[in-house]
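Dear colleague,

I am passing on to you the structure shown below. My notes on what was found in it follow directly after it.

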Amino acid sequence: MRHPARRAATAWAAATVLVLTAAAGAAAPQKESPPDVPPPAERSPAAREQARSYFTDVRLVDQHGRSHRLYSDLMDRRVVVIDSMFTTCAAVCPVLGQKMKKIQEAAGERLGEDVVLLSITVDPEHDTPAEMAAYAKRFEARDGWYFLSGEPQSVRLALSKLGYEVEDKDAHSTIVLMGNERTGLWKKANGLSSAGELVEIFESVLQDGGPAPGQGAGR
């Protein structure tokens with residue numbers, strides 16, 4: 001299946017494969033790779049450029065007040081885990097935050113290197129960097145877990161590209177997107193599944209070996 005973003009999905013689908021795993025247990029755990037397995041096959045520069053063109057390099061601001069380009073600074077050649085939230089949410093957001101914390105633990109020392117977590121607010125008018133920083137502390141977020149806000153129009157653009165844009169913040173998605181932007185593999189998961197199931201899906205994305213022989217590096 002292809003990427004489920006609401007707008008311009010066709011353009012990006014040519015660059016990125018999306019495997020949908022919305023139900024609990026939908027992704028089988030990967031077997032541990034032997035030590036002599038070659039590094040993952042990277043996508044072609046043209047495929048990466050098409051992904052950058054789709055996601056855009058819209059500027060977002062993290063909980064420390066630092067500005068980042070969405071694709072080039074946060075996603076390119078990395079394993080990315082993304083959810084949407086807002087700091088005053090008292091329903092599903094704290095639950096999603098705890099699940100993201102478990103994925104942070106599973107990432108270990110790779111967090112901030114080739115693995116990043118992105119929590120993007122659906123309430124940019126309220127969620128300033130200071131509010132996001134206080135929220136991040138609730139989940140013991142380490143370097144590499146970015147709580148992103150910014151100018152409302154910039155945040156809305158990023159949310160729309162990821163399929164997260166909503167009119168009512170209380171109706172925001174509980175889907176967690178996980179992508180390996182080095183190989184082009186993307187999956188989505190129900191954020192209300194168990195932490196163990198979400199970690200299994202994360203690990204399957206992390207361990208992706210790239211396009212199969214004959215498929216090429218532009219999947």
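Predicted model: local features only at pLDDT ≥ 70, side-chain atom pairs only at ≥ 80, totals over all residues.

S6 pairs with strand S5 (residues 115-121) over four bridges, in the parallel sense. Within this pairing, Ile120 has Leu148 of S6 as its bridge partner.

Not counting residues up to four places away in sequence, Leu118 touches Leu74, Met75, Val80, Val81, Ile82, Asp83, Met100, Tyr146 and Leu148. The largest nonpolar core has 52 residues, and those touching the most other members are Met75, Ile82, Leu118, Met178 and Phe202. The element that gives the most to this core is helix H7 (residues 195-206), with six residues.

A further point concerns helix H2 (residues 45-55). Which of its residues are buried? They are Ala47, Arg48, Ala51, Tyr54 and Phe55. These residues lie on the same side of H2 because they cover an arc of only 120° around the axis. Pro45 and Ala46, on the other side of H2, are exposed. After H2 comes Thr56, which has a positive phi, near 75°.

How values were computed:
Residues numbered from 1 in each chain as written. Heavy atoms only, no water. Core = buried A, V, L, I, M, F, W, Y, C linked by side-chain atoms within 4.5 Å. Buried < 20%, exposed > 50% of the residue type's maximum accessible area, 1.4 Å probe, protein only. Helix = DSSP H or I, 4+ residues; strand = E, 2+ residues; numbered from the N terminus. Contact = heavy atoms within 4.5 Å. Arc of directions from axis to C-beta. Pairing = 2+ DSSP bridges.
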